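Have a look at the model, then read the points alongside it.

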Amino acid sequence: MNVRAVAAVVLWPIASIGAQNVGNTGSSRPGIDVLHYEFTVSFPDRPVPDTIAVSTVVTARRMARVNELQLDLVSAMRVDDVSVNGASARFTHDANQLKITLPTGTNDTLRVAVRHRGVPSDGLIVRRDSLGFWTAFADHFPNRAQQWLPVVDHPSDKATVEWIVRAPSSHRVIGNGNRIEESPESGAGRGMTITRWRTVQPLYTGVMVIGVAPFAIWELGRTACSLSELPGCVDQSVWITPDVRDYMPGPFAKVGDMVSLFSRMVGPFPYEKLAHVQSSTRYGGMENASAIFYADGIYRRRAMGEGLLAHEIAHQWFGDAVTTKEWPHVWLSEGFATYFAALWTENTRGDSAFRSDMMGMRTAALGNPISQQKAIVDRTLNDVARVLNSNVYQKAGFVLHMLRAEVGDSAFFRGIRSYYMAHRHGNALTSDFQAKLEASSGKKLDWFFVQWMDRPGAPDVEINWRWEAVRRQIVLTVSQQGSAAPYRLNLSMDVTDSKGTVQRVRATIPASRVSTQQVPVRLEGEATSVVFDPDVTLLGKWSAKPEKQ
């Protein structure tokens, strides 16, 4: 998701998320693998719906002798009854946990049905929009599906999902996957419509969503043909309120090109379609799989930017198709989306605009105190309400940029494609990405990942340089300041001679407090100036000056 379009906060205190269940940030259920969720949701035909009735069917594989299924569901939702494989089952529901007694067995498939109802205070946002129409939007990240649905609310347990929604015919329903039904209800339900959406790819609960509103739909048509994992093209559309129709297609005219670019860079687009939805969400944009939700106000202000679109579209590969296995590794989602939005800039607006993006990314990363307090992979994380910050966005995005400079373009993008194809529709950790980059580059990168992912902080460097005419080389004396352990750095520089000729050279600075490096330069005249980090690939602060001769 992208948070730049909402209030400038760093950490979001979400009091209603509920207690963590296992470990620091929750986990999947040992011995249980959820395969499919079926949610049947009924919205009453009232001016603003209050009590929402839901029937959930959880299909799960049991791999061990597990006698109880534990689902996350806040205690404020009332559970009416539970059955397992068609037979009534005993259950308890307290402390935001629904615990269901299972029949004896192992290596079997369970079909667990739960009927429940309530007035969601979070997870499903039901409200009137700025035109006075009631709307309902799921907003599940990071583990807020449990605010109204019984689920294993952790990214490590992905499942397919089907939404069956009964709502007034004045409204339309968007959801994940393919729409397989939209039909008026007959008989007593006249004036109501049944809509069904179903996925063929597994998702984690944070990106399973529906939206219900009096939508108008702007069709963008068939895009990225032959670049989709599923047969055909990627059908894209914008779901909007009628009053912003004059804004269309606006920046959405570029989304077909974005999907095509990322498909070529990474791998085929992973989902059935891609809808861009004017919605209610606490984020500027939320990357729900195949149905991205953007904040309502962005449409009304006509303020949608290409960077936000590229960020959320990139998430369809990174975050949605390849999902972090554990929350401390969420940079694999947010850092990738942040960097790929910059890659869109590089490919459409050129090197100068790309460097400007990277400078902004670096400034944001270094300017936030959390950069000095926490590592990108924060293994101390114990509250997923605090999972998002500039470390996992801008700092992680810039670290990907440094990794690209370290291994070279070919190895970098080859490694990314290999990583994606190995883990799509599944989960990954930082070590999985490291392994693919080591394989593609032929380099051991332990030092890089430990230095940039597992340590807080960034280098603070003072550089003195001089020109040695006899040896025709630049001599660097590099001092690393501060209390943090010194960094190994890949330092680029543009050296200009007295005739105006410029040569780009690189030097590897060892992880020493003070080091001296000789850098050969092929120039005809005397070196008169050195510009350090011209390609913006160094995360840190530095100053540089020539030594007095």
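Which residues in α1 and α3 meet each other?

1. On the α1 side they are Val255, Met258, Val259 and Phe262. Their partners in α3 are Glu306, Leu309, Ala310, Ile313 and Ala314. Sorted by class, this contact has eight nonpolar residues, one charged and no polar ones. Please keep in mind that the model is predicted.

2. Now look at how these two helices are arranged. The axes of α1 and α3, the latter covering residues 306-314, come within 10 Å and cross at roughly 45°. The crossing of α1 past α3 is right-handed.

3. Next, turn to α4. Helix α1 (residues 255-265) packs against helix α4 (residues 331-349) at an angle of about 105°, and their axes are 11 Å apart. The two are therefore roughly perpendicular to each other.

4. From α1, this second contact draws on Asp257, Met258, Leu261, Phe262 and Met265. From α4 it uses Phe340, Leu343, Trp344 and Asn347. By class, there are seven nonpolar residues, one polar and one charged.

5. A closer look at α4 itself: the helix has 19 residues and reaches 26 Å from its first C-alpha to its last, close to the 27 Å expected. It is mostly covered, with 16 of its 19 residues buried. Gly350 follows α4 and has a positive phi, near 95°.

Conventions
Residues numbered from 1 in each chain as written. Predicted model: local features only at pLDDT ≥ 70, side-chain atom pairs only at ≥ 80, totals over all residues. Heavy atoms only, no water. Axes fitted to C-alpha atoms, helices over the stretch in contact; angles between N-to-C directions. Helix = DSSP H or I, 4+ residues; strand = E, 2+ residues; numbered from the N terminus. Parallel < 35°, antiparallel > 145°, perpendicular 65-115°, else oblique. Contact = heavy atoms within 4.5 Å. Nonpolar A, V, L, I, M, F, W, Y, C, P; charged D, E, K, R; others polar. Left-handed = near helix turned anticlockwise from the far one by under 90°. Expected span 1.5 Å × (residues − 1). Buried < 20%, exposed > 50% of the residue type's maximum accessible area, 1.4 Å probe, protein only.
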